[in-house]
Amino acid sequence: MFLTQPLAAAVRERFGTPCYVYDRASLEAAARQALAFPNAFGFTLRYAMKANPNHAILKLFHALGLHIDASSDHEVERALRAGFEPGKIQLTSQAPSKNLKAHIERGVLYNACSLTQLENFGKLFPGRELSVRINPGLGSGSTNRTNVGGPGSSFGIWHEHLENVRALAARHGVKVTRMHSHIGSGTDPVVWKRVARMSLGIAGQLPDVRVLNLGGGFKIARVPADKATDLLDVGEHVRQEFTDFKQRTGRALHLEIEPGTALVANAGCIVASVIDVVDTGKDGYLFAKLDTGMNEVTRPSLYGAQHPIDVLATDERGSAKVVFVGPCCESGDILTPAPGDPEALAPRDVPRPHIGDLVVLGGAGAYCAAMSTINYNSYPQAPEVMHDPDGTLRLVRKRQTFEQVLANETSE
Ligand code: LLP
């Protein structure tokens with residue numbers, strides 16, 4: 001972890017706990033690694049900004065030349081405000097856009113994720129070009145909740161409906177020049193490679209497609225037991241597939257990928273404090289209650305996801321097996337569930353925690369600040385801080401005030 005004990009203590013001193021901290025050097029390193037993804041005929045790296053839409057991260061990735069995968073009208077707006085040129089933003093949304101006309105007139109790219117979305121676009125913009133998101137018939141995720149391919153998923157246009165895609169496109173005179181498939185998060189790399197081939201097969205049946213976006217989903221290692229996807233290995237495989245496709249069809253496709261997790265997850269952590277220590281007797285458990293939990297990180301209680309947790313003890317003390325929990329009145333506010341099983345407790349071996357100890361929860365750059373139960377039990381939203389390469393800690397989002405928690409309530 002990039003946060004040393006003195007740095008974590010400085011975070012607590014200046015910003016209080018709980019507090020998200022992002023490391024700029026780690027963000028840059030992850031972006032540069034993904035920018036080196038092998039490709040045969042050109043490459044674009046989109047950042048799936050749903051993973052972490054903080055403007056400081058968006059600005060950094062903009063400066064490094066990344067493009068954007070936006071998942072809602074609001075994310076499009078957020079990316080524009082962070083300085084992204086409209087042509088670098090592609091909207092891929094479960095919800096039909098309420099702002100489609102304005103987006104397209106500005107130059108934002110559109111990826112139709114259903115036949116309805118394709119039709120909406122065609123009615124507004126006959127003659128224009130767009131992308132379609134295809135469900136290739138197979139998916140893979142770290143759990144079923146993060147799998148978005150195959151017959152059990154509502155994401156994208158089912159691969160057997162290509163005839164409808166072609167008919168709708170013809171009816172409105174629109175051209176499908178880009179195709180997209182994203183099959184899940186924490187995807188098995190073997191399945192990812194297989195789907196790359198299946199997607200090329202589908203692109204072969206859409207003759208105007210020049211760009212193929214294979215989505216994100218690359219596994220990263222948050223804890224030692226995790227095995228990260230080797231980007232160079234899957235990239236080399238895809239490069240070969242694109243080369244073979246060109247030989248078969250004469251079509252040289254431009255490749256896009258759009259990771260979220262791989263770009264930000266291990267560049268972030270949460271600095272927290274131990275607020276209480278309780279136990280349930282000799283056959284029970286020892287619990288450390290932290291001032292962070294599902295209000296800042298829902299992944300453990302949603303997926304049984306594993307995040308590293310370090311107790312930063314400055315004195316000598318024995319270790320203990322500890323279940324870490326958050327401060328919410330909710331038995332599911334658990335930070336150390338069993339892997340893949342949010343309902344089972346899995347104690348961790350750590351220095352025996354004391355009230356007041358500093359604790360750092362790692363792997364928290366992706367889908368933590370972006371995806372938490374903000375204001376449950378009326379706890380204010382935690383602040384976000386950027387750790388710059390010169391050692392500076394820069395506040396990039398303030399802690400919400402109690403007045404802001406109440407701000408939208410009316411007097412009626
Ligand atoms: N592209 C599309 C269309 C997506 O829906 C997603 C993620 C990505 C790219 C990026 O996937 P990634 O590289 O981050 O795996 N909340 C879950 C993951 C669900 C993400 C939803 N879409 C988590 O905490 O792991």
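Predicted model: local features only at pLDDT ≥ 70, side-chain atom pairs only at ≥ 80, totals over all residues.
## Basis

Local features need pLDDT of at least 70 and side-chain atom pairs 80 or more, while totals for chains, interfaces and linings use all residues. Residues are numbered from 1 along each chain as its sequence is written, and side-chain values use heavy atoms, without hydrogens or water.

## Ligand shell

The shell around the ligand holds 19 residues (a heavy atom within 4 Å). Ser185, Glu258, Thr261, Arg299 and Tyr367 come nearest. By class, the shell has five nonpolar, nine polar and five charged residues (Asp, Glu, Lys and Arg are charged; Ala, Val, Leu, Ile, Met, Phe, Trp, Tyr, Cys and Pro nonpolar; the others, Gly among them, polar).

Domain 1 (24–264) and domain 2 (266–406) both contribute to the shell, so the ligand lies between them. The bounds come from an automatic or database domain assignment.

## Polar contacts and burial

Polar contacts pair N or O atoms within 3.5 Å. The side chain of Glu258 places an N or O atom 2.8 Å from a ligand nitrogen. A polar side-chain atom of Tyr303 is 3.0 Å from a nitrogen atom of the ligand. Gly217 uses a backbone N or O atom, 2.8 Å from a ligand oxygen. Alone, the ligand exposes 560 Å², of which the protein buries 89% (Shrake-Rupley, 1.4 Å probe).

## Enclosed space

The largest cavity contains about 50 Å³ of space (1 Å grid over the protein atoms alone; a 1.4 Å probe fits but cannot get out; lining atoms within 4 Å of a point). Ser181, Ile183, Trp192, Val195, Ala196 and Leu214 line the largest cavity. That lining has five nonpolar residues, one polar and no charged.

Key:
Polar contact = N/O pair within 3.5 Å; in protein donor to acceptor, adjacent residues only side chain to side chain. 1 Å grid on protein atoms, 1.4 Å probe; cavity = no way out; pocket = protein on both sides within 12 Å on 5 of 7 lines; lining within 4 Å. Points joined across faces, edges and corners; volume = space filled by probe spheres on them.
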